Amino acid sequence: MCLLHTVTGFILLGFPGPRERQVLLFVLFSVVYLLTLTGNGSIICAVRWDQRLHTPMYILLSNFSFLEICYVTSTVPNMLANLLSDTKVISFSGCFLQFYFFFSLGSTECFFLAVMSFDRYLAICRPLHYPTLMTGHLCTNLVISCWVLGFLWFPVPIIIISQMSFCGSRTIDHFLCDPGPLLALTCSTVPIMELYWTIIISIVLFIPFLCIMVSYALVLRAVLRVPSAAGRKKAFSTCGSHLAVVSLFYGSVMVMYLSPTSEHEAGMQKLVTLLYSVGTPFINPVIYSLRNKDMKHALQKFLGI
């Protein structure tokens, strides 16, 4: 018998276990969430108030930090409420809104990482022309394009999935509304929809990733031509933070969505999703501040250290 999805919600199992474990996880994720907001918020404020950081590289970084705040907020508050809830119910509209914002913000992050790598390519490979190429106007247009493309990528497939009939159990063994578990609850298997989803998620991952790889291949070629070791070290240091973030984010996302089989164990799904949706936004401020002297100095000035 099919459930009427217009009146019924879903049950997000989250992290089932004894009450004590639920409370412990609530405290842990609350601390991580607050530290994520603080770290990324500090980067935004440091760039805003330090005139020396009013350059395309740091403007992109501050927008990226704002994106990370939005990204982690699309999942963690609901996850925290779920940990303390007895019913663990999320409404139908709430589930698909979370689905939309989570994947839209994730695809926006892919585009931002590609734009940031392009900025590093121009700065290292075209240093003399960089100020005239990466103007404030171009930087603003790139930022707007990332947000627009990210939020226009998933409405159609999400609307299609939301119009399907859901049968049997309403239970989703996850802490967020993910397409895999949702499609498993539909009344009949829809291989075309699964294929369509795989194609669009592959495009949004691989096109930006290809741009990143090409940018850094050109950067590597240019850096290896620098005669002095100090010059090479300086050039690599400006890219190290970004490469670390790219590796962490893309590594976990590709394991999740582009591995030979998408039917991972539920526990592995949750762990990998936590890594790129919560771990990456949490670690990013640390990576960027520790490896960047200008950012470190600006943060110390902002925090009064």
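This briefing looks at the cysteines of the chain and at helix α4. The model is predicted: local features need pLDDT of at least 70, side-chain atom pairs count only at pLDDT 80 or more, and totals for chains, interfaces and linings use all residues. Residues are numbered from 1 along each chain as its sequence is written, and side-chain values use heavy atoms, with hydrogens and water left out.

**Disulfides**
- Taking a disulfide as a pair of cysteine sulfur atoms within 2.5 Å, the count is two.
- C95 is joined to C177, with an S to S distance of 2.0 Å. This pair links distant parts of the chain, 82 residues apart: C95 sits in helix α4 and C177 in the loop between β5 (171–172) and α8 (179–184).
- The torsion about that S-S bond of C95 and C177 is about -130°, so the disulfide is left-handed.
- C167 is joined to C187, with S to S at 1.8 Å; its torsion is about 90°, so this disulfide is right-handed.
- In sequence order of the bonded cysteines, the pairing runs 1-3, 2-4.

**Burial of cysteines**
- Buried means under 20% relative accessible area, exposed over 50%, and partly exposed in between (1.4 Å probe, protein chains only).
- C95 is buried at 0%, and C177 is buried at 1%.
- C187 is partly exposed at 34%.

**Helix α4**
- Helices (H or I, at least four residues) and strands (E, at least two) are DSSP runs, numbered from the N terminus.
- Of the 34 residues in α4, 28 are buried.
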